[in-house]
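Hi,

Here is the structure I promised to pass on. Have a look at it first, and then read my notes below.

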Amino acid sequence: DFNLRFSEFIGRKWIYAPKTLDDDIISFIKSSKVVFIKPNSLSSGIGIYKVSFDSINNLNEFCIKVKRDNCLIEEVIIQHEKMKSLNPSSVNTIRGYTFIDGFGKPHIIATTLRVAGKKDGNTDNFHSGGIITSVEVENGICISQGINKEFEKFTIHPITKTIIPGFQVPFWSEVKELLLEA
């Protein structure tokens with residue numbers, strides 16, 4: 001539902017397996033080469049995995065499984081090099097918290113940066129080993145240490161050794177525009 005509602009902002013190709021013909025699933029994966037599989041019934045980054053077309057042994061069984069598990073299949077995002085420096089094993093993302101006032105005007109009230117905390121983590125999700133830090137809404141600079149769900153604090157990322165406080169999120173003005181438009 002989210003991908004449908006915000007499709008103009010997603011920025012990547014995706015399909016929902018239960019509503020897609022097997023031949024179209026196979027074609028999508030073949031053309032994308034590598035995709036992320038996201039079971040719709042799970043949350044917090046649990047169950048997400050990456051698969052390449054060449055690694056699928058039985059295409060028929062694969063299609064049955066992704067349909068049964070209500071999976072989204074999404075092309076891989078190539079992230080900005082600076083964001084990749086935080087941890088290249090996942091796409092490190094911004095979470096924006098917004099509200100619309102009584103006059104219909106949107107406002108950004110808080111932003112966070114989410115980063116994979118593990119060397120081979122496919123997801124930056126906090127509940128799957130990710131690290132989260134506050135980002136100053138005005139300028140896109142990380143203003144706190146990172147923290148994980150075990151409440152460990154990180155001034156330096158444990159894998160990449162990138163300093164977290166003071167990290168400048170690239171294209172910040174565009175990030176804010178996108179948040180407000182969405």
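Start with Lys 38: its bridge partner in S4 is Leu 72. That pair belongs to the antiparallel pairing of strand S2 (residues 34–39) with strand S4 (residues 71–75), which runs over 5 bridges. Keep in mind as you look around that this is a predicted model.

Zooming out, S2 and S4 are part of an open sheet of 4 strands, with the order S1-S4-S2-S3 and antiparallel pairing. Who sits at the edges? Strand S1 (14–16) and strand S3 (49–52) do, and each has a single partner strand, so one side of each has no neighbour in the sheet. On average, neighbouring strands here are turned by 25 degrees against each other, ignoring direction.

Two helices pack on this sheet. Helix H3 (residues 22–32) touches S1, S2 and S4, and its direction makes about 30 degrees with that of S4. Helix H4 (residues 59–68) touches S2, S3 and S4 instead, and its direction makes about 155 degrees with that of S3.

Tyr 97, Phe 99 and Ile 109 make a nonpolar patch of about 290 Å². Tyr 97 lies in strand S5 (residues 93–100). Is this tyrosine buried, exposed or in between? Its relative accessibility is 36%, so Tyr 97 counts as partly exposed, since that class lies between the 20% limit for buried and the 50% limit for exposed.

Cheers

Notes:
Residues are numbered from 1 along each chain as its sequence is written. This is a predicted model: local features need pLDDT of at least 70, side-chain atom pairs count only at pLDDT 80 or more; totals for chains, interfaces and linings use all residues. Side-chain values use heavy atoms; hydrogens and water are left out. Two strands pair if DSSP finds at least two bridges between them. Axes are lines fitted to C-alpha atoms, for helices over the stretch in contact, and angles run from 0 to 180 degrees between N-to-C directions. Contact means heavy atoms within 4.5 Å. Patches are made of residues with over 30% relative accessible area and no salt bridge: like charges are joined within 9 Å, nonpolar side chains (Val, Leu, Ile, Met, Phe, Trp, Tyr) within 5 Å. Accessible areas come from the Shrake-Rupley method with a 1.4 Å probe; for residues, only the protein chains shown count as cover. A salt bridge is a side-chain nitrogen of Lys or Arg within 4 Å of a carboxyl oxygen of Asp or Glu. Buried means under 20% relative accessible area, exposed over 50%, partly exposed in between (1.4 Å probe, protein chains only).
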